[in-house]
Number of protein chains: 2
Amino acid sequence: MGSVLFRRIGELVTNDPAAGEGPLGVLHDAALFVETGRVAWTGPDDAAPQGAGDEVVDIAGAAIVPGFVDSHTHMVFAGDRATEFAARMAGRPYAAGGIETTVAATRVASDSELSGTLARLTAEALRAGTTTFECKSGYGLAVEHEARCLRLARAVTEETTFLGAHVVPGEFAGRADDYVALVAGAMLDACARFARWVDVFCDEGAFDADQAGVVLDAGRARGLGARVHANQLGHGPGVRVAVKARAASADHCTYLSDDDVELLAGSATVATLLPACDFSLRAPYPDARRLLDAGVTVALATDCNPGTSYTTSMPLCIALAVRELHMSPEEALAAATLGGAKALRRDDVGHLRHGARADLAVLDAPTYLHLPYRPGVPLVGATWKDGARTPPTGR
Amino acid sequence: MGSVLFRRIGELVTNDPAAGEGPLGVLHDAALFVETGRVAWTGPDDAAPQGAGDEVVDIAGAAIVPGFVDSHTHMVFAGDRATEFAARMAGRPYAAGGIETTVAATRVASDSELSGTLARLTAEALRAGTTTFECKSGYGLAVEHEARCLRLARAVTEETTFLGAHVVPGEFAGRADDYVALVAGAMLDACARFARWVDVFCDEGAFDADQAGVVLDAGRARGLGARVHANQLGHGPGVRVAVKARAASADHCTYLSDDDVELLAGSATVATLLPACDFSLRAPYPDARRLLDAGVTVALATDCNPGTSYTTSMPLCIALAVRELHMSPEEALAAATLGGAKALRRDDVGHLRHGARADLAVLDAPTYLHLPYRPGVPLVGATWKDGARTPPTGR
């Protein structure tokens, strides 16, 4: 693996306050030196190591930001719910049960069909600047199907999450506790080796606090870290369950009590906000300011899934976070990079400090401010992962 | 110019109800034959003309839609207002005077700087599926500067609009009527030969009904068609002025009285809605349903400009129209194609009827529904204009 020297970076966001200005650690007219896939040096362009770099890349005044860390996706699935989307936009309300449509399509899909969709979406995400992403199961909801989905996900990311407890599948209707026993027993046995995380949808129409606790405890006993779908559809116990389980993240967080906010602020649990989901559901947006002002760590993620948020675009999430969640562009970029890394308990990504993975997005723009300022425009000109350009050849 | 046969189109939107299903005239498993840059035939793939086409393009089940018609942009400018955007998102209100910032930068920019930005934005728009676009002056606000901006715009589109009456420039502070006389006199004399349209910003902080009437009448006397920036910032006379001037379009239309809606419904004036502007201003969205239900023709456009809507993405406008304006995906696509064409009084674009310009977008998706269903994702895989792939070589 060769070394790369990026020259003439108009604006370099390091997320390292010690390396540059402000909380984002911004450098202007900067250079970045990458060796063996890691950040080896950042500094002023005119102080760049002379003669360094097997490859020298002239950024010509554009901005570089850390690669986006998308800490919440559901990208192993089959089928398309575009008509359900259109019907919802015409007024039909969303209910968690819509997940069943995708479960039915996923179960009958071949491995290659599932992997093909996953490859297409991960390539799309990479083109949009995402260099680390989490991927959940949850459209299998049977032992062999959940294990298969996680095995396929593991082939594309190490951040895999077992979400057998997504909803109660039709064949367990009225027997939720039986399903929870299966999830926490035989299903977890089959899935744990493919997963880093265990997640549960703790909300109206999905699982209650006791059921969620059973699943999370079982996962944690197998060495999996906890994450929770919490408080998306209404007030409820999701955040409490997440903090009690020392979850890395409580995701959605639309309906929070004062106690919920206080619990999050006093914990190491990140609040992961998913504004593209709220956009596609025409749902209320979470109150990001309340969380930020209380000192809660906030992450932004896409929630990419075919039912409620069929986008891979972290730049869209940033634009929505600024417009709808009243986050500043600075807060939104931090949440989409460092925040996502914290939500995955990773310290090697989400920033460009010395030693970090050389995962970065080169923008077709002079500043990261253009991410929310230019909504809908594909502003990521090139994505580099582990110090290598991706895809290695042109599109 | 060769002929092209598009085969295996999963979904072909013609906007010709006589050619296919529904108001969009949708064909499935279709083919499209293009000769000398025009649509020569559409129909079922298995009835495609045998042996036809100097080039045969296999669409492999994807969707084709008419190229987008963006009937409202301000793409001749210099400078960047990203920091103003960030400040606005932090709570500073928008006022029409912000335009002055861009005027100052535009006046001191070289021709090549202005043309370079214009070329970058038009290429970006084309990649996103826009095949026809209008472009206004309005950041010169002095005779030679307005004429220069229109001359540069005319080099990239025939749909040029003289918007000397954008705001009253600083040097005419307190002398608005003097500025209107200049616009309707010497400025129009210098600009008319580069313009197809005349436009005026008739709103709070800009021009009143009498002033707008003077400008529009003068432009019409020179053979220019009328268009009006109407009712963006508050209730006012904009729509009345537009309908009275037989304008092709009244643009923005956020604050409408019942009389305004009735006037539009009884006229040939299109209501052009600009939801990306409302997005970036955090402004209220117009009530599209009220207009559609009253029988008003609605267009969607980007309003691409550096102050209030720095996007070239018609797909974003469609997604916002569905989410925020409660338009159906079908209505939104029609408004972004045929609606835009009507707002420019064009019958050769915005549809794929026999004889239409072969301007089209090939989607990386099986259906146009994915445009709002997959927000933020660059779904246009290829854009064809006048029967030729653009850009002719790969990106």
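How much area is buried between domain 1 of chain A and domain 2 of chain A, and what percentage of this do carbon and sulfur atoms give? The legends below take up this question.

This is a predicted model, in which local features need pLDDT of at least 70 and side-chain atom pairs count only at pLDDT 80 or more, while totals for chains, interfaces and linings use all residues. Residues are numbered from 1 along each chain as its sequence is written, and side-chain values use heavy atoms, without hydrogens and water.

**View 1. The area buried between the domains.** Here is the answer: about 1600 Å² is buried, and carbon and sulfur atoms give 73% of it. Buried area is the accessible area (1.4 Å probe) that two parts lose on being put together, summed over both. On the domain 1 side, A:Gly67, A:Leu371 and A:Pro372 lose the most area to domain 2, together 28% of what that side buries.

**View 2. Contacts across the boundary.** Look for 22 residues of domain 1 in contact with 19 residues of domain 2; contact means heavy atoms within 4.5 Å. Salt bridges between the domains number zero (a side-chain nitrogen of Lys or Arg within 4 Å of a carboxyl oxygen of Asp or Glu).

Methods. Chains are lettered from A and ligands numbered from 1 in the order in which they are written.
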